[in-house]
Amino acid sequence: MPVNLTQNAVSAITAGDVNSKPLVQVLDIKLIGSTQERYRLLISDSVLTQHAMLATQLNDLVKSGRIRKGTVVQLIDYICSTVQNRKIIVILNMETIIPDCDIIGNPKMIGDLDTGVQRSVPDRNNGSATLTNNNNLGTQNSGRSNFSNSNNLISRNSGSNNVQSFRPTVQPAYQPPPIYKNHGAIVKNEAPARIVPIAALNPYQGRWAVKARVTAKGDLRRYNNARGDGKVFSFDLLDSDGGEIRVTCFNAVVDRFYDIIEVGKVYMISKGSLKPAQKNFNHLQNEWEIFLDTSSTVDLCPDEDASIPQQQFSFRPISDIENVENNSILDVIGIVISVNPSVPILRKNGMETQRRILNLKDRSGRSVELTLWGDFCNREGQKLREMVEAGHFPVLAVKAGKVNDFTGKSVGTISSTQLFIDPDFSEAHVLRDWFDGGGKDVASQSISREIMPGGLKNEIRKTVSQIRDEGLGRSDKPDWITVKATISFIKTDTFCYTACPLMIGERQCNKKVARSGNSRWLCDRCNQEFEECDYRYLLQTQIQDHTGLTWVTAFQESGEEILGCSAKDLYLLKYEEENELRFAEMIKSCLFTQFMFRLKIKEEIYGDEQRVKITVVKAEKEDRITQGTRCSHCHSSSSLYIGDTNLIRDFHWFLAIFTLRKSVLD
């Protein structure tokens with residue numbers, strides 16, 4: 001079925017046309033690239049053929065079969081680039097006109113026009129190849145090329161053959177953009193860069209430019225590797241279509257652009273190179289990253305462009321953070337309900353930094369810890385503390401916070417994080433209205449160091465004997481349960497250890513340290529010495545209920561909840577002050593005290609032996625007075641709960657001995 005394609009379309013596109021929207025045919029499709037799927041097409045205007053690269057966002061057209069060999073398409077958005085001295089058309093958008101069609105005409109590669117080389121084009125009718133000779137082109141390519149507009153397709157019948165002819169409306173001859181007029185011959189790279197949406201950027205484009213707003217600017221960082229010392233900084237861009245991309249500069253390029261780039265300003269950027277984004281450092285939803293070099297240009301746009309938003313958020317409710325993977329980067333917004341003082345932290349490199357923890361709550365019924373690091377502590381952190389102490393609980397929007405899953409879920413700042421206090425947009429106004437309208441008094445459950453994955457809604461209550469009887473902890477994932485039990489024994493010879501206080505990234509090292517020869521503390525992991533170490537609980541505790549007993553391990557936070565003091569205070573009491581009596585009293589005060597234990601149970605390998613390790617995630621002390629009062633409505637023996645403490649402990653001693661004897665006999 002003969003179809004009229006846009007005449008001389010290939011020649012026009014390779015000459016610089018980007019507006020004619022021609023009708024062409026796909027002759028071949030080839031999948032290229034090992035790390036990333038890309039499709040290379042061979043397109044034809046019935047006379048000439050040329051290779052074209054399909055933008056990755058159009059890959060589904062091939063996978064779904066809407067574009068295949070023989071398909072007639074209309075090119076909507078496209079550009080011609082020179083890659084390794086070869087012309088390649090990059091197709092950014094196109095539409096399918098005829099899904100399946102025989103090969104039209106006897107097309108030849110555009111590079112063969114001047115050589116007279118014969119090429120074979122597959123014949124879809126009989127499977128054979130047709131030889132064509134470029135010398136018979138005559139004068140069809142002399143003078144100016146005529147172009148057709150394929151917006152309208154006209155059908156006509158031709159005699160008894162019932163031939164359907166698709167004829168685009170004839171357009172005037174292609175004219176170069178006005179900027180070329182009266183400038184004479186155009187040499188390579190003289191054409192002005194075309195503004196391209198960030199979402200359409202790809203490495204196959206030759207000259208491009210983006211107009212975008214800087215939404216974040218990273219710190220200037222210095223590094224040292226095998227090639228020597230260097231420096232680097234990055235900034236993020238947002239354009240009017242909502243596309244985001246990161247721009248990175250190294251060494252001499254840093255000196256050119258670091259002082260020029262300002263957050264919130266709009267720039268025109270061109271002559272950069274596109275490389276795959278390093279996802280371990282780049283959280284933006286873009287597979288590419290721009291690298292600027294000495295030939296790149298960064299021009300400030302003096303006029304404010306209201307079409308480009310100031311910032312783009314993708315907020316997640318705090319309740320969703322419970323199920324987010326560790327180290328994920330996300331946006332969150334909430335009401336600041338508490339702000340802790342800033343404390344100094346010693347990093348691995350020996351430099352001191354600041355850390356400040358605050359709490360956010362939102363309408364999801366959850367709250368989360370937000371950890372501020374470095375300058376955030378004294379800048380936004382101090383301002384937030386003053387506002388909360390004055391009775392005003394501000395709305396805080398966090399752009400690009402990092403999720404941490406150490407004993408619960410929390411969010412921390414990184415170099416690219418941005419904090420917005422009482423911002424002026426709809427999400428903040430809705431949250432403020434909710435909080436002022438009664439949300440302030442609504443109880444919220446923290447997801448940081450207080451609940452197991454899944455939260456209280458999925459809380460699983462078990463007895464001590466069920467841990468063994470049901471084989472908990474022996475699957476691929478740990479089991480999280482809640483047990484109501486009493487502490488019957490605490491090991492006091494190794495209740496804590498000396499730990500490294502240095503920071504590795506955003507987390508404390510916490511490795512065990514020992515005295516060096518000069519009485520300083522030495523960490524083998526960090527290979528650093530320091531005057532003072534940290535003391536952290538490693539509490540081996542036996543707990544029991546009416547069904548049995550088991551050993552559990554309590555680390556820092558849960559150890560403090562059980563003993564009511566820090567590991568350092570208890571260590572100094574025993575080893576520095578040598579007050580054995582007071583130490584024994586503190587341990588004894590915890591025995592036979594009932595707790596609600598939240599436990600993590602997981603089988604681990606120690607040497608060649610597999611053991612089930614039970615870790616205390618949270619220990620909440622039971623209020624016996626309240627329970628006794630509650631039970632008094634049902635039992636006349638409520639005095640057992642509210643009476644003499646010694647009586648209760650004697651009862652627990654009897655229960656412990658009975659349970660132990662029973663377990664031995666069994």
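Strands 32 and 33 (residues 521-523) pair in the antiparallel sense over two bridges. Strands are DSSP runs of E with at least two residues, helices are runs of H or I with at least four, and both are numbered from the N terminus. Two strands count as paired if DSSP finds at least two bridges between them. Arg515 has Trp521 of strand 33 as its bridge partner.

The open sheet has three strands in the order 32-33-34, with antiparallel pairing. Strand 32 (514-515) and strand 34 (528-530) stand at the edges with a single partner strand each, so one side of each lacks a neighbour in the sheet. Strands of a sheet pair through backbone hydrogen bonds, either parallel or antiparallel.

## Basis of the model

This is a predicted model: local features need pLDDT of at least 70, side-chain atom pairs count only at pLDDT 80 or more, and totals for chains, interfaces and linings use all residues. Residues are numbered from 1 along each chain as its sequence is written, and side-chain values use heavy atoms, with hydrogens and water left out.

## Salt bridges

The whole structure contains 19 salt bridges. The criterion is a side-chain nitrogen of Lys or Arg within 4 Å of a carboxyl oxygen of Asp or Glu. One of them joins Arg474 to Glu603, with the closest N and O atoms 2.5 Å apart. Arg474 lies in the loop between helix 7 (464-469) and strand 28 (479-490), and Glu603 lies in strand 38 (residues 594-606), so the pair ties together parts 129 residues apart in sequence. Arg474 is exposed, at 52% relative accessible area. Glu603 is buried, at 18%. The cut-offs are under 20% for buried and over 50% for exposed, with partly exposed in between (1.4 Å probe, protein chains only).

Asp436 and Arg432 form a salt bridge at 3.2 Å, N to O. Both lie in helix 6 (residues 426-436), four residues apart, about one turn of the helix. Asp436 is exposed at 55%, whereas Arg432 is buried at 16%. A network of salt bridges links Asp422, Arg432 and Asp436. Lys265 and Glu262 also meet in a salt bridge, at 3.2 Å, N to O. Lys265 is partly exposed at 34%, and Glu262 is partly exposed at 41%.

## Aromatic pairs

There are 15 aromatic pairs in the structure. Rings of Phe, Tyr and Trp (its six-membered ring) pair if their centres lie within 6.5 Å; planes under 30 degrees apart are stacked, over 60 edge-to-face, and the rest tilted. Tyr223 and Phe250 form an edge-to-face pair, 6.3 Å centre to centre with 85° between the planes. Tyr223 lies in strand 13 (residues 221-225) and Phe250 in strand 15 (residues 244-250), so the pair ties together parts 27 residues apart in sequence.

Trp434 and Phe435 form a tilted pair, 6.4 Å centre to centre with 55° between the planes. Trp434 is partly exposed at 21%. Phe435 is buried at 4%. Elsewhere, ring pairs link Phe313, Phe315, Phe420 and Phe425 into a cluster.

## Charges over rings

A charge sits over a ring if NZ of Lys or CZ of Arg is within 6 Å of the ring centre and within 35 degrees of the ring normal. The charged end of Arg379 sits over the ring of Phe376, 5.3 Å from its centre. Lys491 places its charged end over the ring of Trp551, 5.4 Å from the centre.
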